[in-house]
Amino acid sequence: MTKKTFIWDFDGTLVDSYPAILESLEVTYQHFHLPFDRVAVEKYILEKSTGDLLLDLEKAYGISFEDLKKKQALEQVARDDSIVLMPSAIEVLEWTRKEKIQNFIYTHKGATTASVLKRLGIAAYFTEVITSANGFKRKPHPQAIDYLVEKYQLVKGDIVYIGDRKLDMDLAFKAGISSINLTQGENEHNRKISELTDVLKIFI
């Protein structure tokens, strides 16, 4: 074992939440009378983020980002109960506990992340959970990672960020830490996995 600290993305990594996110976006588009292309929107948020999408809508249609975000967040919260764990998430988290690996979450999801973690029974695995409510600069800016490093006296060479988008890999690179990613290809900064149990194969 060479890595002692895991920082996890949330949506699409630990939990299968994209169906709920897409539904919340569809209702938001309808509310503001915007054309909704589900395939295009899904591709966009997987490549970038929901926040970036809403910023683009603000520029394209003149609707304030705050109004868009408020509506989308409200619709997202209404669907939080439909969020489920990714396959083998408990197995991998239990393995980290046995190996004394410290876990954190850094996600763009809002303050309701804590209630979802509690409902899914995995809140106790994480030392701290950083969400958009903390107010850090958005990924891929490393501000939130730097905060964790300073607060917990972490060694960057011992940290892995586990995510599912290019944004997550870019965050790890900018923060000077290693990356494990469910969608991005292998390179000198990133290890590609197909499922969460592949994490065990890397470190066992």
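Tyr152 is partly exposed, with a relative accessible area of 24%. This value, like the others reported here, comes from a predicted model. Tyr152 belongs to helix 7, which covers residues 143–152, and its ring pairs with that of Phe104. The centres of the two rings are 4.9 Å apart and their planes stand at 55 degrees, so the pair is classed as tilted. Phe104 is found in strand 4 (residues 102–106), so the pair ties together parts of the chain that are 48 residues apart in sequence. In contrast to the partly exposed Tyr152, Phe104 has 0% relative accessibility and counts as buried, since the cut-off for burial is under 20%.

In total, six aromatic pairs are present in the structure. Elsewhere, one aromatic cluster is formed by Phe6, Trp8, Trp95 and Phe203. Tyrosine rings also take part in contacts with charged side chains. Arg97 is placed over the face of Tyr125, at 4.2 Å from the ring centre. Over the ring of Tyr106 sits the charged end of Lys139, at a distance of 5.4 Å from the ring's centre.

Helix 3 was examined separately. This helix runs over residues 50–61 and has twelve residues. The distance from its first C-alpha to its last is 16 Å, close to the 16 Å expected at 1.5 Å a residue. Its buried residues are Thr50, Gly51, Leu53, Leu54 and Leu57. When helix 3 is viewed down its axis, these residues fall within an arc of 160 degrees, so they line one face of the helix. The cover over the buried residues of helix 3 includes helix 1 (18–31), helix 2 (38–47) and helix 4 (65–78).

On the face of helix 3 turned away from the buried side, the exposed residues are Lys59 and Ala60. Between the C-alpha atoms of Leu55 and Leu68 the separation is 8.8 Å, and the two residues are 13 residues apart along the chain. Just after helix 3, Gly62 adopts a positive phi of about 75 degrees.

Notes
Residues are numbered from 1 along each chain as its sequence is written. This is a predicted model: local features need pLDDT of at least 70, side-chain atom pairs count only at pLDDT 80 or more; totals for chains, interfaces and linings use all residues. Side-chain values use heavy atoms; hydrogens and water are left out. Helices (H or I, at least four residues) and strands (E, at least two) are DSSP runs, numbered from the N terminus. The expected span of a helix is 1.5 Å times one less than its number of residues. Buried means under 20% relative accessible area, exposed over 50%, partly exposed in between (1.4 Å probe, protein chains only). The arc is that of the directions from the helix axis to the C-beta atoms. Contact means heavy atoms within 4.5 Å. Rings of Phe, Tyr and Trp (its six-membered ring) pair if their centres lie within 6.5 Å; planes under 30 degrees apart count as stacked, over 60 as edge-to-face and the rest as tilted. A charge sits over a ring if NZ of Lys or CZ of Arg is within 6 Å of the ring centre and within 35 degrees of the ring normal.
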